[in-house]
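Trainee: I would be grateful for a guided introduction to this structure. May we go through it in questions and answers?

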Amino acid sequence: MTSPKLLAVALVSGGLDSMVSAASAVADGYRLLALSVDYNQRHRVELAAAARVAEAIGAERHIVLPLDLSAFGGSALTADIAVPKEGVQPGIPVTYVPARNTIFLSLALGWAEAAGAHDLFIGVNALDYSGYPDCRPEFIAGFEALAELATKAGVEGEPFRIRAPLQMMSKADIVREGQRLGLDMGLSWSCYDPTPAGEHCGLCDSCRLRARGFEEAGVADPTVYAVRPD
């Protein structure tokens with residue numbers, strides 16, 4: 001258990017993984033600053049979920065930072081490209097947003113240095129995920145090394161730690177951890193392509209991974225799906 005006086009910045013997207021990651025920081029005794037990015041994503045409903053999550057876990061402050069990545073495009077989440085619905089496929093899918101976690105962690109790092117925090121929490125996962133390169137342990141280690149080189153605090157001997165507590169968990173393990181922490185996981189949002197009625201589509205990679213995690217964990221899934229995932 002770390003000192004309750006320590007401050008951390010957590011990336012809170014509104015998704016299940018970021019919710020459990022941020023909640024684990026609070027459970028470990030950190031005071032928490034929550035950062036969400038409004039990047040003009042297709043599934044903007046996740047920002048409302050992020051606000052619910054930040055409040056539920058007791059973040060001291062929640063910033064939603066506007067950064068319109070649709071100006072770059074290159075992803076089904078930021079451009080007029082269809083979200084795949086055929087199931088989880090090998091390779092890096094079109095829902096990958098170029099350099100997203102590098103961009104988001106850089107923003108979190110800036111806030112952390114300004115606030116005097118040295119721990120950054122991110123809910124990346126390298127087991128049950130869609131194959132994104134910026135979810136791998138090598139990326140987390142590389143960014144931590146970069147943070148030491150790129151900041152005044154780092155070069156003055158106060159390095160930053162990138163915490164990825166879910167890194168090697170399965171989605172079922174993440175659901176179980178959320179249950180252990182007493183979280184209302186129904187507050188979170190995972191779907192990349194919400195229906196007009198505000199439901200999870202049930203067919204995108206993220207919906208399928210979410211549903212499978214609850215099923216394999218043996219935990220009731222609070223999610224409302226337009227189509228029940230296979």
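Mentor: We may begin with Ile162, which is found in strand S5 (residues 161-163); strands (E, at least two residues) and helices (H or I, at least four) are DSSP runs numbered from the N terminus. This is a predicted model, in which local features need pLDDT of at least 70 and side-chain atom pairs count only at pLDDT 80 or more, while totals for chains, interfaces and linings use all residues. Residues are numbered from 1 along each chain as its sequence is written, and side-chain values use heavy atoms, without hydrogens and water.

Trainee: Is Ile162 buried or exposed?

Mentor: Buried means under 20% relative accessible area, exposed over 50%, and partly exposed in between (1.4 Å probe, protein chains only). Because the relative accessibility of Ile162 is 7%, this residue counts as buried.

Trainee: Which residues does Ile162 touch, not counting residues up to four places away in sequence?

Mentor: Contact means heavy atoms within 4.5 Å. With those sequence neighbours left out, Ile162 touches Leu105, Leu120, Ile122, Ile140, Phe143 and Glu144.

Trainee: In which sense do S1 and S2 pair?

Mentor: Two strands pair if DSSP finds at least two bridges between them. Strand S1 (residues 7-11) and S2 have 5 bridges, and Ala10 has Ala34 in S2 as its bridge partner. The sense of the S1 and S2 pairing is parallel.

Trainee: How many residues of S2 are buried?

Mentor: Strand S2 spans residues 31-38 and is mostly covered. Of its 8 residues, the number buried is 7.
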